[in-house]
Structures are given as structure tokens and as C-alpha cells.
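Me: I'm new to this one. Can you take me through it while I look at it?

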Amino acid sequence: MDLDVFVSAHRAEWDRLDALLRRQRRLNGAEVDELVSLYQRTATHLSLIQSAAPDPQLTGWLSQLVARARGAVTGTRRASWRDVTHFLTHSFPAAVYRARRWWVPTALLSTAVAVLLGWWIGTHPEVQAAIAAPTELRELTRPGGQYETYYSSHPAASFAAQVWTNNAWAAALCLVFGIFLGLPVIWILFLNMLNLGVGFGLMHSAGRLDVFLGLVLPHGLLELTAVFVAAGTGLRLGWTLVDPGPRTRRSALAEEGRAALAMAIGLALVLFVAGAIEGFVTPSGLPTWARIGIGVLAELAFLAYVFVVGRRAAHEGETGDLDAAERSATVPTAA
């Protein structure tokens with residue numbers, strides 16, 4: 001594309017659109033139709049310039065022009081409770097369901113790694129000795145030791161808030177760092193599984209694995225699932241850089257990035273529930289079977305939410321991305 005020739009051919013249309021927008025409250029019917037037509041053409045011009053001959057100054061001006069025109073054509077849109085309901089019943093579960101081919105294998109492989117690490121640590125005293133001194137290990141694993149008192153060391157409300165913040169931060173890192181080909185995501189996952197494996201192995205070696213599982217499973221099932229979903233989504237975002245499919249790499253990253261942002265908001269809510277369970281249920285005086293049962297019910301409820309509600313929303317065409325009217329204008333790309 002010869003940019004100078006393209007600008008000369010269409011500059012009058014852009015100026016006309018700008019003039020109509022400046023007096024949009026005083027337009028007659030014919031001028032409103034003209035504004036809509038010019039908006040559609042200018043959006044196409046912007047996409048062509050971005051893909052064929054990007055010019056920062058011209059692209060910036062046209063982007064502002066198209067944004068103003070879109071606001072004039074579609075009207076100012078405000079978030080409402082209907083948007084929140086749609087997000088919770090369609091966008092978020094559909095996004096999690098669509099990412100299942102990434103986060104389900106991630107969950108299975110990560111769990112296997114944690115179990116193998118736990119077995120290795122629990123059956124090799126020399127590995128335990130490298131972790132901490134024998135007296136420190138006994139303090140960690142003894143009845144009333146640090147593994148048990150950890151969950152009741154702070155008031156339940158503040159502990160739940162702290163847990164939620166930490167887990168939401170870990171999930172956000174998985175989503176954000178996915179853009180770096182997913183490599184930091186793998187490292188974050190490994191650190192989480194190593195931490196779990198160390199606890200598993202040390203408590204197993206002390207003959208108190210049942211106590212450890214009774215403390216971890218109530219909140220850990222839902223908490224780890226949320227982390228696995230975030231990690232799988234981050235890995236998918238990284239793979240988009242390698243293989244964007246029929247889309248341009250820019251549009252593919254934009255689409256997957258918007259879905260990942262929505263995923264972060266939804267997972268923050270899921271982790272809030274997990275944090276509440278960890279703060280109020282895990283350290284409670286309920287029997288072990290009751291605490292684990294609450295965790296299992298929360299996990300099953302989330303899986304049903306994803307594979308029933310999310311599956312239905314995905315089959316209806318929901319992707320977790322913004323509505324078409326809220327996205328930047330693009331032109332079709334060949335497969």
C-alpha cells in the first residue's frame with residue numbers, strides 16, 4: 001500500500017466524519033445515515049492501515065476518530081447488573097470451558113509431579129535432611145506443629161483475606177506471564193507443586209499424612225483448580241504467539257488477552273470462595289470428613305458450573321471475549 005496515495009484518496013471522508021461528529025446533536029436524518037456509513041468505511045481504512053502500512057501518528061488519529069464515531073453510533077454504554085449476570089452465567093464459564101484442553105492436562109500433570117515429589121521426599125531421609133534440620137522437621141510435623149497451627153495462627157477473616165490475595169496474585173501472574181511463551185507459568189506451577197510435595201512428603205514420613213490431607217483438601221481442591229485454570233490459560237496465551245491459527249498474530253493475542261482478563265476477574269471470585277473455606281472451614285472444629293466433604297462439594301459445584309453451564313454457553317457461541325460491538329474494527333483474514 002502507498003500510504004500517501006491512500007490518505008489522499010480518503011482524507012476528505014475522514015474530515016467529513018470529523019465534522020459530522022463535532023455537531024452530531026444537530027444532524028438531520030440524511031446526515032446521521034452518512035455518519036454511520038463514514039464510520040464503517042473509516043473503521044475498515046484503519047484496519048487496512050494497521051495491517052499494511054502502520055503509521056503511529058495516522059493510526060492514533062484514526063483510532064480516536066473511529067472511537068468517537070462508535071460512541072456516536074452505538075451510544076454510551078454503562079455497565080449494569082445484567083452485564084454482571086451475563087458474565088457469571090455465560091462469559092466466564094464459557095471461557096473456562098473453552099480452555100479445558102489446556103488446564104485439564106495441566107492439572108493432571110501438575111498433580112502427578114506433586115505426588116512424585118512427595119513420594120521422593122517422604123521415602124528419602126537424605127532429601128529431608130537437605131530441607132531442614134531434624135528438630136525443625138519435627139516442629140513442622142508434630143501434633144500441634146507448624147503445619148497444623150498455620151491455618152489457625154490468625155483470625156479467620158484476616159487469614160482468608162490474606163490467602164485470597166496471595167492466590168489471586170499467583171493466578172494473575174500465570175495469566176500475565178503466559179505472554180512470555182508460557183515459560184514463567186511452568187516455573188510458577190513447579191514452585192506450587194514443590195511446596196505441596198514437601199508438605200506431603202514430610203507429613204507422610206511422620207506418619208501423619210491423614211492429618212495433612214484433612215488440612216489441605218477442604219480448600220485445596222478448589223484453590224488448585226483455579227490455579228490450574230489460570231496456568232492453562234496462560235500457556236494457551238503463550239502458544240498463541242507461536243501458532244495464532246487463521247487469525248493475525250495481533251488479533252489473536254488481542255482476543256486471547258481479553259479472554260484472559262475476564263478469566264482473571266472470574267478466578268478472583270473462585271479464589272475468594274477457596275480463601276473463605278481455608279479461613280473458616282479448614283481450621284474449624286468440624287470432623288475431618290465434614291471439612292473434606294465441604295471441599296469436595298465446592299469442587300464438584302465448580303466443575304458442574306464449567307462443564308454444564310460453560311459448555312452450554314460455549315455451544316451458543318459465547319467465547320468469553322467482548323461483544324462484537326465493543327471490539328476494535330477489523331477486516332477479515334483468509335484462512
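Me: How many residues does the chain have, and what share of them count as buried?
Reply: Of its 335 residues, 40% count as buried. Buried means under 20% relative accessible area, exposed means over 50%, and partly exposed is in between, with a 1.4 Å probe and protein chains only. This is a predicted model, where local features need pLDDT of at least 70, side-chain atom pairs count only at pLDDT 80 or more, and totals for chains, interfaces and linings use all residues. Residues are numbered from 1 along each chain as its sequence is written, and side-chain values use heavy atoms, with hydrogens and water left out.

Me: What is the mean pLDDT of the chain?
Reply: The mean is 83, and 89% of the residues reach 70 or more. pLDDT is the predictor's confidence in each residue, from 0 to 100.

Me: Where is confidence lowest and where is it highest?
Reply: It is lowest in helix 9 (residues 156–177), with a mean of 70, and highest in helix 13 (residues 288–315), at 95. Separately, pLDDT stays under 50 over residues 324–335. Where pLDDT is low, the predicted coordinates should not be read in detail.

Me: How many helices and strands are there?
Reply: The chain has 13 helices and 0 strands. Both are DSSP runs numbered from the N terminus: helices are H or I with at least four residues, strands E with at least two.

Me: What share of the contacts join residues at least 24 apart?
Reply: The figure is 77%, among contacts between residues at least 6 apart in sequence. Contact means heavy atoms within 4.5 Å.

Me: Next, the start of the chain. At what angle do helix 1 and helix 2 pack?
Reply: Helix 1 (residues 3–22) and helix 2 (residues 29–52) pack at about 145°, and their axes are 9 Å apart. Axes are lines fitted to C-alpha atoms, for helices over the stretch in contact, and angles run from 0 to 180 degrees between N-to-C directions.

Me: Which residues make that contact?
Reply: From helix 1 they include Phe6, Trp14 and Leu17, and from helix 2 they include Leu35, Tyr39 and Ile49. The contact residues divide into 11 nonpolar, 3 polar and 5 charged. Here Ala, Val, Leu, Ile, Met, Phe, Trp, Tyr, Cys and Pro count as nonpolar, Asp, Glu, Lys and Arg as charged, and the others, Gly among them, as polar.

Me: Now helix 7. Which residues are buried there?
Reply: In helix 7 (residues 134–141), Leu137, Leu140 and Thr141 are buried. They are on the same side of helix 7 because they cover an arc of only 80° around the axis. The arc is that of the directions from the helix axis to the C-beta atoms.

Me: What is exposed on the other side?
Reply: Thr135 and Arg138 are exposed there. The buried residues of helix 7 are covered by elements including helix 6 (125–131), helix 8 (146–149) and helix 10 (183–205).

Me: Is Ala95 buried or exposed?
Reply: Ala95 is buried, at 1% relative accessible area. Ala95 lies in helix 4 (residues 81–98). Leaving aside neighbours within four places in sequence, Ala95 is in contact with Met263, Thr319 and Gly320.

Me: How far apart are Ala95 and Gly320 in sequence and in space?
Reply: They are 225 residues apart in sequence and 4.7 Å apart in space, C-alpha to C-alpha.

Me: And Val185, where is that found?
Reply: Val185 is in helix 10, and is buried with a relative accessible area of 0%. Not counting residues up to four places away in sequence, Val185 touches Cys174, Phe177, Gly178, Ala231, Gly234 and Leu235.
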